[in-house]
Amino acid sequence: MAVLSPPAQAPTITDALRARRLLADHLPPTPMWSYPALDAAAGHGTTVLVKHENTQPTGAFKVRGGLTLLAGMDAAERARGIVGYSTGNHAQSLAYAAARFGAPCVIVMPVEPNPAKARAVRALGAELIEAGADLGEAAAHAERVAAERGMRLVSAADEPDLIAGVATVYLEIFDQAPDLDALIVPVGGGSGAAAACLVAAAVAPRCRVYAVQSAAAPAAHDSWHAGRLLTRPIRTRVEGLATGAGFDLTQRIMRDHLTDFLLVDDDTIADAQWRLMRDAHTLAEGAGATALAGLLAHPTHFTARRVAIVCTGANASESELRATPWRGQGPEGTSAPTN
Ligand SMILES: *Cc1c(COP(=O)(O)O)cnc(C)c1O
């Protein structure tokens, strides 16, 4: 959180290239495929490429950041360990990376967390502490734990090493499709979109970068359009996007390079989840389908363009799997009978 520390230094393309070297020993590149049915859904002569970050070992792109952070720590710092606060994929990323590097890891979650997410973090060997009514209170507790135990506190977005690690997604994308016209990235705290901006500006300056957020939690969107950090209520069902405030570092990077910041509603995100399942044979959690939702909600931005959408994660909770994506969508996007 920006209030806990001085302004963080923005990572550079050199940091991203260094992260790629570090990650080469740990993660293979993820596939990127196109699907005629998604091209047809987009219409307007658009070619859609799906970057499958949902196939990462933790089910989300964030593991690139966690591994990069741990790989960059010296032995003494690693031995003291890391503390994170998160309800979701950031927690699993830190726990996974800490286990890989033999570092102690504490994750603070607000009380009564989603049992599946708590189990996943414990299964990776992290110590789970339940504290606080919301993520802000959990963050304050995490700060105390870090101070008491001499561990490193890891923010969810304002961490240059996390952004540099996540930037390797975009290095891979431009390796796989150098002639891309546009990239669409879902935003919570903004590390993914900031990383996309960083890489596109350096290696593909003609490629446009679009960020997408849920209209039911628009803090990053509103902050970017206003040019200052704003807080907004969180009403979205989409966990990976449930962020109530803009972050300083990611907003600074997006300010320089982002083409536009779009909003979509939660139902459009659920439709996009269904389309990814049906047309791309792939499981996306809500946040993982948000880039496609942005494309389908704003198709004329992408007329006749080659567009990569990042399917950022697959960690849909069981209740989300049972309830959300299948409502109302029948063959070819028509409403299915609800008998
Ligand atoms: C965290 C997350 C996002 C949002 O990424 P930020 O870097 O916080 O903007 C999107 N999708 C998934 C699956 C995530 O876990």
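Predicted model: local features only at pLDDT ≥ 70, side-chain atom pairs only at ≥ 80, totals over all residues.
A polar contact is a pair of N or O atoms within 3.5 Å.

**Ligand site**
- The ligand is surrounded by 15 residues, the closest being K62, N89, G190, S191 and T312.
- Sorted by class, this shell comprises 9 polar, 4 nonpolar and 2 charged residues.
- The side chain of T312 places an N or O atom 2.7 Å from a nitrogen atom of the ligand.
- On its own the ligand has 380 Å² of accessible area, and the protein covers 96% of it.

**Residue K51**
- K51 belongs to strand β2, which spans residues 47–52.
- The relative accessible area of K51 is 0%, so this residue is buried.
- Beyond its neighbours within four places in sequence, K51 contacts a set of residues including T30, P31, M32, R64, E172, Q176 and C311.

**Cysteines**
- The structure contains 0 disulfides.
- The closest cysteine sulfur to that of C197 belongs to C207 and is 10 Å away, which is too far for a bond because a disulfide requires sulfur atoms within 2.5 Å.
- C311 is likewise in no disulfide, the nearest cysteine sulfur being that of C207 at 18 Å.
- C197 is buried at 1% relative accessibility, and C311 is buried at 2%.

How values were computed. Residues numbered from 1 in each chain as written. Heavy atoms only, no water. Near = heavy atom within 4 Å. Polar contact = N/O pair within 3.5 Å; in protein donor to acceptor, adjacent residues only side chain to side chain. Areas by Shrake-Rupley, 256 points an atom, 1.4 Å probe, with all protein chains shown as cover. Nonpolar A, V, L, I, M, F, W, Y, C, P; charged D, E, K, R; others polar. Helix = DSSP H or I, 4+ residues; strand = E, 2+ residues; numbered from the N terminus. Buried < 20%, exposed > 50% of the residue type's maximum accessible area, 1.4 Å probe, protein only. Contact = heavy atoms within 4.5 Å.
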